[in-house]
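This report describes a structure with two chains in plain terms. Please keep the sequence and the model in view while reading.

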Amino acid sequence: MNALVRFWAANRQELATLVAEHILLVAMSTTIAVAIGVPLAIFATRRPRLASPLVGIANVVQTVPSLAMFGFLLPVPLIGGVGARAALAVLTLYGLLPIVRSTIVGITGIDPSIRLAGVAMGMTPRQLLRQIELPLALPSIVAGIRVAAVVGVGSATIAAAIGAGGLGQYIYRGLSMVDSTVILAGAIPAALLAVIVDGGLLWLERRLSARRRARSRRAGMMAAAALAAIAVAGSVLWASRDTGAIVVGSKNFTEQLILGEILALTIERETGLPVQRRLNLGGTLICDRALLTGDIDVYVEYTGTALTAIFRQPAATDPAAVTDVVRRLYADTGRTLLPPLGFDNTFAILVRGADARALSLRTIDDVARVAPEWRAGFGYEFLERPDGYPGLARTYGLMFRSPPQVMDLTLSYRALASGQVDLIAGDATAGLIKGLDLFQLEDNRRYFPPYEAVPVARAETLLRYPQVRRALEGLAGRITADDMREMNYAADALRQNPADIARAFVERGR
Amino acid sequence: MDGVEFRHVSYRIDGRTPILDDVSLTVGRRETFALVGASGAGKTTVLKLVNRLLLPDAGDVRVQGIDTREWDPIRLRRSVGYVIQDVGLFPHLSVADNIAVVPRLEGWPEARVAARVDELLDLIGLAPDTYRSRWPDELSGGQRQRVGVARALAADPPVLLMDEPFGALDPITRRQLQQEFRRIQARVAKCVILVTHDMSEALALADGVGVLDTGRLIWSGPPDAIAASDDVRVRALVETTLPAR
């Protein structure tokens, strides 16, 4: 608890920004959902045959997991990709269902004699809608908005996976650093926000269905004005936010956060160009897609990952050959592979240091003997990718007591240390290897391909800003495996801020 | 012809089930005409044909001499006041705002609207200062019915349709409102079509009475002539009223 308060105090500016981003995301997406959903629902009440298919479609959209939704939208022009725009699109889609449904219910639930009275008095359909139907349906509509906004507060945490900011950033950062304090630092304000939004809109809803309608109409108008103001302020802020000339991306684990910062700081220092950071994107394929679409300009990839996961080529073991193939494949798709940073972050098969010493394990071959008694835990990516578990098991004839458990890569280090599993596949540069007394088994059959860390940039960006190319080339060979492990250790074990670690490294190198 | 005229009017649901069958009737400019009949006889359908909520399948309905097919429906409805069965006051509007709906739709200046609201509240016997800003759910059943009448009269329409306006009230309030209606009608002198299932109400209020039976107008004429009818169905309706008188 104390650690949490200290964290908030130390990062209060960032916290305020994240809270503001979160509120803006939810307010804007909810406003857009209202602007689309209410007219859509009104239209549906005029064409009753459309109402149920419409609600059906909205229902289906609602059941798509939000992370999958971000994935679906990645290749879609205009609303897809990474960043705030895509997050807004997803959150808006989620908000539509409750709003459409509650508006339809609110309008169709009006006493028929009241509607008849309106028609018989000579109201045009438009007058009937504005003077009778909408005011009477308003409490129901607000109830739908409340549901949409509360769901939005929750879903918005996932928006951090595509670099849209918000409190999810702490949650993802905490997950990648295996630091529950940081996770809670994002989760608690998000939960509070949900409670406040729920309470506030519930108050408004009660107010609107209460008998004193004249006053409540004023309350409704004030709420609408406040929403509109937030939306306007939001779009202005957003417009001003996206001014970085160069956008640096990164994947969502500690090393990538540090490398992303190093790239960003280097470009800032060497070129003076404004840099926008879109760190902590939700995985290799999201980064690759973002680089293709121009949502980011540069990020650090690993040659082996690019070869097998991005370009779906068979794994290869010769580092120079791999780099050449990858450079050519990138060039074909408008991207430029810059010189390697200097370290190779290959997969590391890890066991507890105590086990390694007791059983004198040194290589993966050694562990194949005891493996039938052991349990393994792997990240989802490692289990799936062609250069991951399937090939490893074949090469070494590995068999475990039970099928390997799927777990978050960053959580698996702790799971190993605490004895929940006996063997994991980690990163060779993981700081936790040192922090948790883990032992890296030697890949004596040279199964794993090389994973040299290399910045990949959009060719277009480098042509436009040759100084960026020069700055990034200056990083060639500057980060050794030891440097990287140390920096990861500082972040994962010593709980230092990745940005500070990167800054210290860049300053030391000057 | 200034009032309402039905000439051989038939109406069927979906063009099949007949609701009205060859109905002809005439209601003069200052006349109150009562339509009597059991529920399902087609009384409400007659009213809906007048303000073009429905159009006839055969024959024609003329309001102020013009076929309802030729009327612009919005214009027609604004010149026909309609007191509907369940009152249908707008729950989100105050008494004054309910009464003011049609005048505002017609674009009256606010001062004239306010004056008209007070005038009508006086007419229906509700003190304007007390009731102007009340909400419909703060009124008794009888008060709500009166506001319904005031709302229908607001823009001074030449024709007034009333569908069981005193239907859901207790006998005392009912009697009281009937008397008030007579007083009001004496002052405003509209062409009124009043639908009721209660023959005594019809005889007490109307200048002309029509008896509907399963979609056919089986009798019509002045109230004092109805006792002479030898139609069994008419006699049955008249006899139910005798103990009450």
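Two residues are in contact if their C-beta atoms, placed from the backbone, lie within 7 Å. The model is predicted: local features need pLDDT of at least 70, side-chain atom pairs count only at pLDDT 80 or more, and totals for chains, interfaces and linings use all residues. Residues are numbered from 1 along each chain as its sequence is written, while chains are lettered from A and ligands numbered from 1 in the order in which they are written.

By that contact rule, and leaving aside neighbours within four places in sequence, A:Pro340 touches A:Glu452, A:Ala453, A:Val454 and A:Ala476. A:Pro340 sits in the loop between β4 (335-337) and β5 (347-352) of chain A. Helices (H or I, at least four residues) and strands (E, at least two) are DSSP runs, numbered from the N terminus. Is A:Pro340 buried or exposed? A:Pro340 counts as buried because it has 21 C-beta neighbours inside 10 Å; the cut-off for buried is 20 or more, for exposed 12 or fewer, with partly exposed in between.

Two packed helices are described by the angle between their axes and the distance between the axes. Axes are lines fitted to C-alpha atoms, for helices over the stretch in contact, and angles run from 0 to 180 degrees between N-to-C directions.

| Helix | Partner helix | Angle | Axis distance |
|---|---|---|---|
| α2(A), residues 12-46 | α3(A), residues 48-63 | about 140° | 5 Å |
| α5(A), residues 84-108 | α7(A), residues 125-156 | about 155° | 8 Å |

The angle makes α2(A) oblique to α3(A), and α5(A) is roughly antiparallel to α7(A). Angles under 35 degrees count as roughly parallel, over 145 as roughly antiparallel, 65 to 115 as roughly perpendicular and the rest as oblique. In the contact of α2(A) with α3(A), A:Leu40, A:Ala44 and A:Thr45 meet A:Leu50, A:Ala51 and A:Leu54. Its residues are five nonpolar, one polar and no charged. Here Ala, Val, Leu, Ile, Met, Phe, Trp, Tyr, Cys and Pro count as nonpolar, Asp, Glu, Lys and Arg as charged, and the others, Gly among them, as polar. The contact of α5(A) with α7(A) has 14 nonpolar, eight polar and two charged residues.

Chain B contains an open sheet of six strands in the order β6-β7-β8-β3-β9-β10, with mixed pairing. Two strands pair if DSSP finds at least two bridges between them. Because β6(B) (80-83) and β10(B) (216-221) each have a single partner strand, one side of each is left without a neighbour in the sheet. Strands β9(B) (208-213) and β10(B) are antiparallel and share five bridges, and B:Val209 has B:Gly221 as its bridge partner in β10(B).

A second open sheet in chain B has four strands in the order β2-β1-β4-β5, with antiparallel pairing. Five bridges join β1(B) (4-13) to β4(B) (58-63), and B:Arg7 stands opposite B:Asp60 in β4(B). Helix α1(B) (43-50) lies across β1, β2 and β4 of chain B, at about 115° to β1(B).

The two chains meet in a contact that takes 16 residues from chain B and 16 residues from chain A. On the chain B side, α2(B) (73-78) and α4(B) (101-105) each supply at least two residues.
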